[in-house]
Amino acid sequence: MQVSEIMTTRIVSVEPTATVREAATLMSRNNIGSVPVVDGGAVRGMLTDRDIVLRCVSENKDADTVKVSDICTHGAVSVRPQDPVSNAMHLMSAEQVRRLPVVDNGKLVGMLSFADVAREKTGMEVAQSISEISMP
């Protein structure tokens, strides 16, 4: 099975120049814990609710002025639509992430979440991945 068969194509993303408050509001409205940081269609990083807490709130920075690019995780790993889902699962485990941007020809075309995979696969492969993603 390929990533393109189960990925989400309804993408919520944020630009690097957006403020942290704008990104947090977007995440809240869409009930999501992370968004890809996209500039001209290219993924520049990932912003998580954890990034907001640790790199903005806990450091007493102003969410109305701090830019997403200042606190996001740069160098996000990604997969391609034609990649096997099993490869994506291994990457999620190795990187300990629950969501991967899906990139085709340098442009964001979807997102693959662990939930997407879990809906399609069952058994030991998913259990093993959950264990590896959750390791300290």
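This is a predicted model: local features need pLDDT of at least 70, side-chain atom pairs count only at pLDDT 80 or more; totals for chains, interfaces and linings use all residues.
Colleague: Where in the chain is S34 found?

Modeller: S34 belongs to strand β1, which covers residues 34–39.

Colleague: And which residues does S34 touch, not counting those up to four places away in sequence?

Modeller: With those neighbours set aside, S34 touches M27, M46, L47, T48 and R99.

Colleague: Could we step back to the whole chain? How many helices and strands does the chain have?

Modeller: Six helices and five strands.

Colleague: What share of the residues in the chain is buried?

Modeller: Of the 136 residues in the chain, 38% are buried. Take the contacts in the chain with a separation of 6 or more: 55% of them join residues 24 or more positions apart.

Colleague: Now helices. How are two packed helices described?

Modeller: In general, one gives the angle between the two axes and the distance between those axes. Here, take helix α1 (residues 20–30) and helix α2 (residues 49–57). Their axes come within 11 Å and cross at roughly 150°.

Colleague: Why is α1 called roughly antiparallel to α2?

Modeller: Because angles over 145 degrees count as roughly antiparallel, and the axes of α1 and α2 cross at roughly 150°. That crossing makes α1 roughly antiparallel to α2. The crossing also has a hand, and for this pair it is left-handed.

Colleague: Which residues make the contact between α1 and α2?

Modeller: From α1 come V20, A24 and M27, and from α2 come D49, I52 and C56. Sorted by class, the contact has five nonpolar residues, no polar ones and one charged residue. Notice that M27, part of this contact, is also among the residues that S34 touches.

Colleague: I would like to look at one residue of α1 in more detail. Is A23 buried or exposed?

Modeller: A23, in helix α1, has a relative accessibility of 1% and therefore counts as buried. Leaving out residues up to four places away in sequence, A23 touches V14, L47 and V68. A23 and L47 are 24 residues apart along the chain, yet their C-alpha atoms are separated by 8.4 Å.

Colleague: How accessible are the two partners, starting with R55?

Modeller: R55 is partly exposed at 32% relative accessibility, whereas D51 is buried at 6%. Beyond its neighbours within four places in sequence, D51 is in contact with M46, C56, I71, C72 and T73.

Colleague: Which residue forms a salt bridge with D83?

Modeller: R80 does, and the closest N and O atoms are 2.8 Å apart. D83 is buried, with a relative accessible area of 13%, while R80 is partly exposed at 44%.

Colleague: And which residue meets K61 in a salt bridge?

Modeller: E59, with a distance of 3.1 Å from N to O between the side chains. K61 is partly exposed, having a relative accessible area of 39%. E59 is partly exposed too, with a value of 46%.

Definitions and conventions. Residues are numbered from 1 along each chain as its sequence is written. Side-chain values use heavy atoms; hydrogens and water are left out. Axes are lines fitted to C-alpha atoms, for helices over the stretch in contact, and angles run from 0 to 180 degrees between N-to-C directions. Helices (H or I, at least four residues) and strands (E, at least two) are DSSP runs, numbered from the N terminus. Angles under 35 degrees count as roughly parallel, over 145 as roughly antiparallel, 65 to 115 as roughly perpendicular and the rest as oblique. A crossing is left-handed if the near helix is turned anticlockwise from the far one by less than a right angle, and right-handed if clockwise. Contact means heavy atoms within 4.5 Å. Ala, Val, Leu, Ile, Met, Phe, Trp, Tyr, Cys and Pro count as nonpolar, Asp, Glu, Lys and Arg as charged, and the others, Gly among them, as polar. Buried means under 20% relative accessible area, exposed over 50%, partly exposed in between (1.4 Å probe, protein chains only). A salt bridge is a side-chain nitrogen of Lys or Arg within 4 Å of a carboxyl oxygen of Asp or Glu.
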